[in-house]
Amino acid sequence: GGAIDNITVNPITNTTYTVTVTDNGCKSTSSVVVVVKPLPTATIAGNLTICEGQSTILTAGGGGTYEWEDNSTTNPRTVSPIVNTTYTVTVSGSNGCKSSTSIIVRTTPNPIANISGNANICTGQSTTLTATGGTGYAWSTPPGGASPTVVVSPVSDNTYTVTVTNGTCNSTSTFQVLVSATPIPFITGNLTICVGETATLTGEGGISYTWSNSVTAVSINVNPIINTSYTVTVTNGICQATTSALVIVRPKPTATIAGNLTICEGQSSILTAGGGGTYEWEDNSTTNPRTVSPLTNTQYTVSVTNNGCTSVSNIQVTVRPIP
């Protein structure tokens, strides 16, 4: 319709348009067919959600040739966005018609995996490792498991790995546990003494030593009056162990000498030692009782030994002249 010399048409199918031209009462008619070519249906397929550092393959479809927003014509196309990014493709059909479509590739940040725990332990000890940074956890084997916290007891230096996930994204962290040998402590020295004697105790097996009496030295001198236990803590780097030793205190015998301590010239006296198991006189004799015949006033000494302990006693035999 219309009486103008041009019109705009938007047919959706092939359509014939006719015009009648009038000039000085005369008419003429002409027709034209507007052919409507179908548009291609542009599509983009691919993984539209990725993790930081990942790539995705975008595949355009719907036509004969393709042109992306960066003027490239590669199809499929690999993209590695670091932020949410829009990608557009224009599809050209074999009939010369074009259509475009766009998609957004969304980038999800990766979790930051972290492991905390005691990195230095001693032989036979355990440590608790705790992973953070995500919503899901997968430990290597050993120890395995999906808990953020695991208890490990390595017998030698070992490295543990956890994969932390957050949705479809993940990251990995490792943690090394160093195992130090526990020292083997022992105490050397005289562990049996007599009352009044001093015992020197020496710790061995480590680098530093702390005794139960708070002395921090390799050796200590002790003077117990009864059986007493002494403890030393031996340290070797970060590891330590404790041992004890009993110092046995034996009583000393009570040495005595009995006999006639006053005699006349030419007489003898029988001296009897007491208080122990064995006896030794000043002249190295071990006879007991002992007969002595001094010519002048004389001192006699006996060493009495019993159960490893010794005591000494002295007496004087007085010699009176004969009237």
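Start with the largest pocket: its volume is about 340 Å³. A pocket here is an open set of points on a 1 Å grid over the protein atoms alone, where a 1.4 Å probe fits, with protein on both sides within 12 Å along at least five of seven lines. The volume is the space filled by probe spheres set on the points, which are joined across faces, edges and corners. There are 16 lining residues, meaning residues with an atom within 4 Å of a point. Closest to the centre are Ile-4, Ile-7, Tyr-17, Thr-18 and Val-19. Strands β1 (15–23) and β2 (26–34) each give two or more residues to the lining. Strands are DSSP E runs of at least two residues, numbered from the N terminus.

A word on the source. This is a predicted model: local features need pLDDT of at least 70, side-chain atom pairs need 80 or more, and totals for chains, interfaces and linings use all residues. Residues are numbered from 1 along each chain as its sequence is written, and side-chain values use heavy atoms, without hydrogens or water.

Next, the largest nonpolar core. It has 15 residues: buried Ala, Val, Leu, Ile, Met, Phe, Trp, Tyr or Cys, joined through side-chain atoms within 4.5 Å.

Last, Ser-92, in strand β8. Is Ser-92 buried or exposed? Buried, because its relative accessibility is 16%, and buried means under 20% relative accessible area with a 1.4 Å probe, protein chains only.

Definitions and conventions: Helix = DSSP H or I, 4+ residues; strand = E, 2+ residues; numbered from the N terminus. Buried < 20%, exposed > 50% of the residue type's maximum accessible area, 1.4 Å probe, protein only.
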